[in-house]
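Biologist: I'm new to this one. Can you walk me through it?
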Amino acid sequence: MSRRDFFLAGSAMGGLGALGRFGVSDAAAKSIDLPMVNGKRELAIYPQKRELILLTSRPVQLETPFHNFNEGAFTANDAFFVRWHLAGVPTSVDATTFRTQVHGRVKQPMSLSVTDLENNFEPVEIAAVCQCSGNSRGLFNPRVPGGEWSNGAMGNALWKGARLRDILNKAGLESDAVQVRLNGAEDPVLPATPDFIKALDMDIALGEDVLVAYRMNGEPLPLLNGYPVRLIVPGWYATYWVKMLNDVEVINKEDANFWMKPAYRIPDNPCACITPGEKGVKTVPINRMDVRSFITSLADGAKIKGGHVHEVKGIAFDGGYGITRVLFSTDGGKHWEAARLSKDYGKYSFRQWMAAFKPKAGMSYELACVAINNNGESQRLDPRWNPAGYMRNVVETYRVHAI
């Protein structure tokens, strides 16, 4: 079977049945060095995926090699990062029998098929960045425990689905509804391991942009990205974007399961940061993403042609206010100039940007970029630190040499 046919077969089955189990292709024997201590990683090919950076295989965690972000504003489905929390991930899913249960503090419990979601609710499409809370954790100094991601645990897609608000309104909310608990089909291997459950306050759950999505960039979701349906919470970190969403429970009190408390929490202050070693800090659940921007057309350490005009390209995004400006520097941030912004696909999407750069042969440069959103927020010049390794949004620098 050809590589193309192999992936098509996996897509048609809605799973990884072609392997019979999760596995890595023998063709992926290469590795990559990420810019961190112990940063050597294998490259792996999973069904419905191109070559990605293997963080762990159980549960599956795959990072997008950064050059993929230079392909356009949207991240291809087969290049999209993967992050599961529990090892018990189904290796195949039958979309015809899959159901999302809606229950709890509702007047009319429902059991919704994928067809119900497609046909019985208004279809909505939203471009939105999905970013792991721990994206860039491996770059923290001092180092922190957890998945040691570089900058590729993120992606931007056009999501299509039904509004969670419309589903909840059809079920009818009781007057004492406080939060919505969300669970997916992944299960713990050991009974002592807490099931992965997330919760949203009602004002967030009833927002107009929160979706139960069944399409990703015009296609069914890859199994590793949550096939057949997953929650989309635009502007918020991906911990709330529950995959294989099969249970929606409305509750009348604040949820306190492990994945809401103590996990996935940040210091309760404007920077979500503390001094290493600081104790007794009040925390809150992680929520909206901060402002970030990157150069995508050049890597740190690149050698480029001198005396030639280069079009430096990059991406910027935030938690839903929308990017209004990107500034570009060739001297490490001493001087800045405005970059050109590309097409706006919406306030939750990657915004591509471009800037002209003509280096002199024999010279070294420190390129940098900073994004500003419509709320006046921008990246930080110094990296923040917290013990969970969340919300890094420092101004990134890229050292290049002209030859």
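Modeller: One term to start: a residue counts as buried when its relative accessible area is under 20%. N373 is buried by that cut-off, with a relative accessible area of 2%. Keep in mind that this is a predicted model.

Biologist: Where is N373, and what does N373 touch?
Modeller: N373 sits in strand 24, residues 364–373. Leaving out residues up to four places away in sequence, N373 touches V291, D318, Y321, G322, I323 and T324.

Biologist: What lies 2.9 Å from a polar atom of the N373 side chain?
Modeller: The backbone nitrogen of N375.

Biologist: Which residues does UniProt list for the dimerisation domain?
Modeller: An unreviewed UniProt entry lists residues 285–394 as "domain: Moybdenum cofactor oxidoreductase dimerisation". In the model, that stretch is 39% strand and 0% helix. Its end C-alpha atoms are 21 Å apart.

Biologist: Back to confidence. What is the average pLDDT of the chain?
Modeller: The average is 93, and 93% of the residues score at least 70.

Biologist: Where does pLDDT stay under 50?
Modeller: Over residues 1–15, for one, where the model has 27 contacts beyond four places in sequence. Residues 17–23 also stay under 50, with 16 such contacts.

Biologist: New topic. Which residues of helix 3 are buried?
Modeller: L164, I167, L168 and A171, in a helix that covers residues 164–171.

Biologist: Why do they line one face of the helix?
Modeller: Seen down the axis of helix 3, the buried residues fall within an arc of 95 degrees, so they line one face. The general rule: an α-helix has 3.6 residues a turn, so residues three or four places apart point the same way.

Biologist: What follows helix 3?
Modeller: G172, with a positive phi near 80 degrees.

Biologist: Which residues other than glycine have a positive phi?
Modeller: N38 is one of them, with phi near 55 degrees. M391 is another, near 65 degrees. Most residues other than glycine have a negative phi.

Biologist: Are N38 and M391 buried or exposed?
Modeller: N38 is exposed, at 68% relative accessible area. M391 is buried, at 8%. N38 lies in the loop between strand 1 and strand 2, and M391 is in the loop between strand 24 and strand 25.

Biologist: Last topic: cis peptide bonds. Where are they?
Modeller: One runs from Y227 to P228, with omega near 5 degrees. P228 lies in the loop between strand 12 and strand 13. Another joins K261 and P262, with omega about 20 degrees. P262 is in the loop between strand 14 and strand 15.

Conventions
Residues are numbered from 1 along each chain as its sequence is written. Side-chain values use heavy atoms; hydrogens and water are left out. pLDDT is the predictor's confidence in each residue, from 0 to 100. Contact means heavy atoms within 4.5 Å. Buried means under 20% relative accessible area, exposed over 50%, partly exposed in between (1.4 Å probe, protein chains only). Helices (H or I, at least four residues) and strands (E, at least two) are DSSP runs, numbered from the N terminus. The arc is that of the directions from the helix axis to the C-beta atoms. UniProt positions are given in the numbering used here, feature names are shortened, and annotations may be inferred rather than shown by experiment. A polar contact is a pair of N or O atoms within 3.5 Å; within protein, one must be able to donate a hydrogen and the other to accept it, and residues adjacent in sequence count only if both atoms are side-chain atoms.
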